[in-house]
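Biologist: I would like to learn how to read aromatic contacts and a sheet in a model. Could we go through them one by one?

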Amino acid sequence: MENKGNKYMNPYLAGLLLGVVLLASFYLTGRGLGASGAMKSVVVSGVDKVSHDYAENSHFYSKYISNDQKPLRSWLVLEVFGVLIGGFISGALSGRLNLKLEKSPKITNRKRIWMAIIGGALFGFGSQLGRGCTSGAALSGMAVMSLAGYVTMMAIFGTAFALAYFFRKNWI
Amino acid sequence: MGPIIPLFEISEEINLLIAFLIGIGFGFALEQAGFSSSRKLAGMFYGYDITVLKVFFTAAIVAMLGLLFMNYMGMIDMSIVYVNEYYMASAIIGGVIMGAGFIIGGFCPGTSVCAAAIGKIDAMYFIGGSLIGILIFGQTYPLWEKLYNAQYLGSLKLSDSLGIKDGILGLLVIVAAILMFWLGELAEKRFKREDISKEI
Amino acid sequence: MKARFILSLILVSLGLVAAILPQKKNSSIELDAQQLLNEIQQENHLISTDEMANALINNDPEYQLIDLRSETEYKQYSLPGSINIPFEKLFDAEWAPYIDQIARKNVFYSNGTTLSSEAWMLTKQRGFKNNYILQGGLNEWYTTIIEPEVPASINGEEAINDYEARLGAKQFFTGAGAVNNASANTDAKKPVARKKKKMVAGGCS
């Protein structure tokens with residue numbers, strides 16, 4: 001099973017690398033990293049396409065639509081597009097490119113897929129309410145010492161730990 | 001003095017190009033760390049693999065220390081750098097919902113994109129789920145609007161709310177992280193799962 | 001194990017250094033004390049009463065006189081074309097487009113120069129550009145423009161030329177052609193606002 005190619009980087013070294021990227025982002029652009037914001041842009045532009053008037057009148061969508069700017073041409077969308085490319089490059093270099101559904105052998109593929117969709121939906125919902133996900137709110141927020149960052153981080157990891165027992169079959 | 005782009009009014013095109021390059025670095029680091037594997041990420045919560053803790057806190061510390069020293073050397077105007085706005089209720093409730101999503105789905109938005117890039121099918125479904133979740137939030141926004149905007153405390157820093165210097169908070173975070181690394185590595189030995197580690 | 005110990009030690013010592021270093025606040029637009037001192041020594045921020053009188057006579061649109069005294073004092077007497085921004089209201093939002101702008105030279109004046117110097121310092125520290133002080137204030141205006149002193153003949157030709165110019169100016173400001181203050185300040189247009197310090201949008205929003 002194990003081949004030499006798919007070893008991961010030492011986690012502390014990877015953390016250092018990630019920290020340097022984050023620092024560069026702050027130094028160059030004054031903002032940290034993000035991910036869920038880009039997904040929101042996709043949703044907003046989708047809704048906008050289906051019905052512009054509806055999006056315009058909604059308190060939520062209208063915040064992200066302005067006449068001179070297309071939601072898909074935003075900083076975060078480009079950044080997440082980069083994540084896609086960067087992840088692919090890394091996977092290619094380390095020989096980890098292959099279509100695979102990762103799950104515990106104790107559950108069926110169908111269950112894993114449903115769990116992924118439900119988990120994604122919860123994360124998507126929560127990231128909107130909490131104004132950012134693990135990257136935008138927790139990681140970037142912690143680096144600038146924002147209270148919101150630390151609170152969000154503790155809420156995310158605390159809940160995940162608290163619920164871990166009930167979902168153990170999914171993973172182990 | 002930084003941050004470069006807002007201060008020197010660099011064009012939007014260059015800004016987007018830099019976003020793309022930073023994204024590549026971000027994705028590369030996440031994938032190299034192993035954040036493209038949901039069972040590796042979930043390992044954090046069962047103790048068999050605490051990569052998440054190590055990478056996450058190392059990165060936060062590196063960036064935090066970097067900003068502290070850059071600020072001291074006059075290389076960055078921290079008053080321009082974005083500090084997340086704190087709405088107490090929505091930050092906590094949003095965080096709790098995200099935590100549930102994390103343990104059920106096995107990813108967070110950033111890692112799901114990175115995992116999808118190397119062909120993880122579960123990550124692709126997770127992204128689909130996220131879009132649905134955001135759409136649900138958007139459609140039901142009037143229900144949450146009050147909660148979303150409640151208890152606004154501004155761009156508050158933890159150091160200010162504790163009444164300590166930024167540097168002292170930095171030291172405390174470092175000490176806390178090292179303790180967690182140490183405990184986490186003990187946990188990794190105690191809850192070792194060779195069968196899983198081999199597969200991910 | 002040893003590597004971990006060394007790395008922890010390095011991190012903690014970096015943290016210690018960060019904790020010991022004094023907290024600094026950088027600002028890309030605010031000036032520090034030394035820079036202010038240099039500016040003051042160069043005296044580029046002073047506009048002489050002669051220069052100002054000349055500009056007013058020529059209707060030079062580049063200058064905007066700003067009277068920092070109280071409204072009552074302003075109503076009793078003010079320089080033509082000036083607007084009244086009482087000192088304590090200097091940073092009211094209402095006046096921001098006037099004092100924080102790039103289009104014109106603002107010339108602060110008060111009776112002496114105490115108020116105008118303070119106003120200049122405060123605006124300078126905030127990074128506002130194009131603000132100046134009328135040298136000597138209204139007192140000097142009076143002794144140089146309104147009641148100019150006759151120079152002694154030993155002062156040379158230049159002083160006599162100045163004197164003649166001042167006599168002309170006096171005629172302009174006190175004679176029948178004197179501009180009506182009240183009407184002059186109504187058409188003081190709002191200048192172009194200076195570009196605001198940009199805030200970065202961030203997080204996932």
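Biologist: Is A:F161 buried, partly exposed or exposed?

Modeller: This is a predicted model. In it A:F161 has a relative accessibility of 42%, so A:F161 counts as partly exposed. B:F45, at 6%, is buried.

Biologist: How are A:F161 and B:F45 arranged?

Modeller: A pair of aromatic rings is described by the distance of the centres and the angle of the planes. For A:F161 and B:F45 the centres are 5.0 Å apart and the planes stand at 80°, an edge-to-face pair. A:F161 belongs to helix 7 (residues 147–164) of chain A and B:F45 to helix 3 (residues 38–46) of chain B, so the pair joins two chains.

Biologist: Which aromatic cluster contains A:F60 and B:F137?

Modeller: Their cluster also includes A:Y54, A:Y61, A:Y64 and A:F125 from chain A, together with B:Y141, B:W144 and B:Y148 from chain B. A charged residue meets one of these rings: A:R131 lies over the face of B:Y148, 3.8 Å from the ring centre.

Biologist: Where does the charged end of C:K24 sit?

Modeller: The charged end of C:K24 is over the ring of B:Y72, at 5.6 Å from the centre.

Biologist: Now the sheet. In what order do the strands of chain C lie?

Modeller: Strands of a sheet pair through backbone hydrogen bonds, either parallel or antiparallel. Here five strands of chain C form an open sheet in the order 1-5-4-2-3, with parallel pairing. Strand 1 (46–47) and strand 3 (83–84) of chain C are at the edges with a single partner strand each, so one side of each has no neighbour in the sheet. Strand 1 of chain C is joined to strand 5 (residues 131–134) of chain C by two bridges, and C:I47 has C:L134 as its bridge partner.

Biologist: Which strands does helix 3 of chain C touch?

Modeller: Helix 3 (residues 49–57) of chain C packs on the sheet and touches strand 1, strand 2 (63–67), strand 4 (105–109) and strand 5 of chain C. Its direction makes about 115° with that of strand 2 of chain C. Helix 6 (residues 114–125) of chain C lies across strand 4 and strand 5 of chain C, at about 170° to strand 5 of chain C.

How values were computed:
Residues numbered from 1 in each chain as written. Chains lettered and ligands numbered in written order. Predicted model: local features only at pLDDT ≥ 70, side-chain atom pairs only at ≥ 80, totals over all residues. Heavy atoms only, no water. Phe/Tyr/Trp six-rings, centres within 6.5 Å; stacked < 30°, edge-to-face > 60°. Helix = DSSP H or I, 4+ residues; strand = E, 2+ residues; numbered from the N terminus. Buried < 20%, exposed > 50% of the residue type's maximum accessible area, 1.4 Å probe, protein only. Lys NZ or Arg CZ within 6 Å of the ring centre and 35° of its normal. Pairing = 2+ DSSP bridges. Contact = heavy atoms within 4.5 Å. Axes fitted to C-alpha atoms, helices over the stretch in contact; angles between N-to-C directions.
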